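Welcome, and thanks for taking a look at this model with us. Please have the sequence and coordinates open as you read.

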Amino acid sequence: DTTFEDLARFLQTNYKGAPTGVAIFEQREPHYMIASSTGSSSAKTVLAEDETKPCPFAEGGNVLCKAVRIKALELKSSKNEMDHIISSAFLRQKEEGFPNNKLVSARATNKNTLYATQSKHFSLEEDNLEWTIMIMTPVETEGADQIVKGDTLFGALIAVTTLGFAICTFLAGTLIRYRKKREVIASDWRFMSVFVGGCALLNASCLTFLGPNTDAMCLTRMWLVHWFFVFALSFLFIKTYRVYKLIGSGYSRVTITHAKAARLTLPLIALQTLILLIFTFVDPNKRNEIIENQGSNITHRYVCSHDTQAFFAVMLTYEGGLILVGCVLAFKTRNLDDEFNESKQIIFAMYDLAVIGSVLLIVSKAVATSQGAQRVLFAVGVFWTTCFASLVFVLPRLIQVRKRASQRNTSSGITMRQGTSRITVSGMSSQGNTRVTFGQNEDISSVIMNPQKGNTNSVTEPSSKPGKAPVSSSDKK
């Protein structure tokens, strides 16, 4: 027969000097110790009248003592460091209900070392034995799931988000600057300025990806990223819907004013706010601990995640639905004359958002397994889609403004005609302006100095009386 002391010696011999620890205790309460790899005794001597006090051997034989078994939780009072780890691991396993073969993390008291613990049930019905064998292995926490200062992705994420914010902010400011230009007025500069500004804020919200995965940061990321995404998308969606209703659906045609279009974005934003509020209390995005056993390697991770897949399903349905419906509406407006609408820009923006979003979803699930890499990919996707959509709407309008200004500058001044030229000179007469028409080969300065040298039949003077047409020199004769 094997005694408890034999089991203790066996464990101590095989795990001596190893970072891994093993403990065996009874499954039933109060979970008495059987043996451990630390070599600590599974029994202790206490006062017979008070088991909470150790037996004072130095006082002689007049004190009545007895031996009692040690509970697993009582190992925390031991002077052995590994016994403290066993006690901490026991508490964590008990909180989880001693799951069979499931990895549970535990930390030593006042120590930074993290242990992956695993329990396995062992029983012999004929001997009425029901034991739990607990194994503790030290592990290190993976740092790839967070982006902190000193990481290679830290600077890259700041550069991408800052550049996206700067570009979108510049484009929004440019729209406001040229808001009185005819080309910018035609695109509804107020509506587009809010859309481009929302794109800038969406880029800025990606800065929350920096820092450790804490409950507060996880919840902040859930709110800012998803809220500003729908905020910007709602203006693009309503703009698409507005063009669709303008050209007519079926036999009807509806004109939507700027104010009504702005009001139509409110239900979309309000619904997103309601969804985020519900999940904040029901299933928030929080820090969760993951311990994975990959072959002989055990990895420990802190990730931001929900307890269920409900939030992912709801966001995929709502946000993906808006993008899908927007693409359909944009496709139906593709044949409208570009002079009167921005259907081509809407198609480009919507389709680009759908394609980039799909690619990011696939890559993040199949390739980028760490949350740090997924966040950088998401930030790059946000940068591309927001800057592309903003440039698609703003850049053509700016080109039109510059083109019209260049044409106006070219056509102003002297208007040349074949055979003759016409110039209006101010101040040549006390009565007003004098228009002189001269031959193509004549000297302009001589005609201006002496109008009589020009074609007298073409010299006109304004009437001195208001309302009376100018009289030419030939009419006076």
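The report below goes from the overall picture to ring pairs, helix packing and backbone details.

## Ground rules and overview

This is a predicted model, in which local features need pLDDT of at least 70 and side-chain atom pairs count only at pLDDT 80 or more, while totals for chains, interfaces and linings use all residues. Residues are numbered from 1 along each chain as its sequence is written, and side-chain values use heavy atoms, with hydrogens and water left out.

The chain has 12 helices and 14 strands; these are DSSP runs numbered from the N terminus (helices are H or I with at least four residues, strands are E with at least two). Of its 477 residues, 38% are buried, where buried means under 20% relative accessible area, exposed over 50% and partly exposed in between (1.4 Å probe, protein chains only). Among contacts with a separation of 6 or more, 59% come from residues 24 or more positions apart; a contact means heavy atoms within 4.5 Å.

## Aromatic pairs

There are 12 aromatic pairs in the structure. Rings of Phe, Tyr and Trp (its six-membered ring) pair if their centres lie within 6.5 Å; planes under 30 degrees apart count as stacked, over 60 as edge-to-face and the rest as tilted. One of the pairs is Phe-25 with Phe-90, edge-to-face at 5.3 Å centre to centre and 85 degrees between the planes. Phe-25 belongs to strand β1 (residues 21-26) and Phe-90 to helix α2 (residues 81-95), so distant parts of the chain, 65 residues apart, are linked. Phe-25 is buried at 0% relative accessible area, and Phe-90 is buried at 2%.

The pair of Phe-191 and Phe-235 is edge-to-face because the ring centres are 5.2 Å apart and the planes stand at 65 degrees. Since Phe-191 is in helix α5 (residues 189-205) and Phe-235 in helix α6 (residues 215-247), this pair ties together parts 44 residues apart in sequence. Relative accessibility is 6% for Phe-191, which is buried, and 8% for Phe-235, also buried. Ring pairs join Phe-191 and Phe-235 with Trp-227, Phe-228 and Phe-231 in a cluster.

## Charge over a ring

The charged end of Arg-287 sits over the ring of Tyr-302, 4.0 Å from its centre. The criterion is NZ of Lys or CZ of Arg within 6 Å of the ring centre and within 35 degrees of the ring normal.

## Packing around α6

Two packed helices are described by the angle between their axes and the distance between the axes. Here axes are lines fitted to C-alpha atoms, for helices over the stretch in contact, with angles from 0 to 180 degrees between N-to-C directions. The axes of α6 and helix α8 (residues 310-332) come within 9 Å and cross at roughly 25 degrees. That makes α6 roughly parallel to α8; angles under 35 degrees count as roughly parallel, over 145 as roughly antiparallel, 65 to 115 as roughly perpendicular and the rest as oblique.

With helix α7 (residues 258-282), α6 packs at an angle of about 155 degrees, the axes being 9 Å apart. That makes α6 roughly antiparallel to α7.

## Backbone details

A cis peptide bond joins Glu-29 and Pro-30, with omega about 5 degrees. Pro-30 lies in the loop between β1 and β2 (33-36). His-31 is found in the loop between β1 and β2 and has phi near 60 degrees, a positive value in a residue other than glycine. His-31 is buried at 4% relative accessibility.
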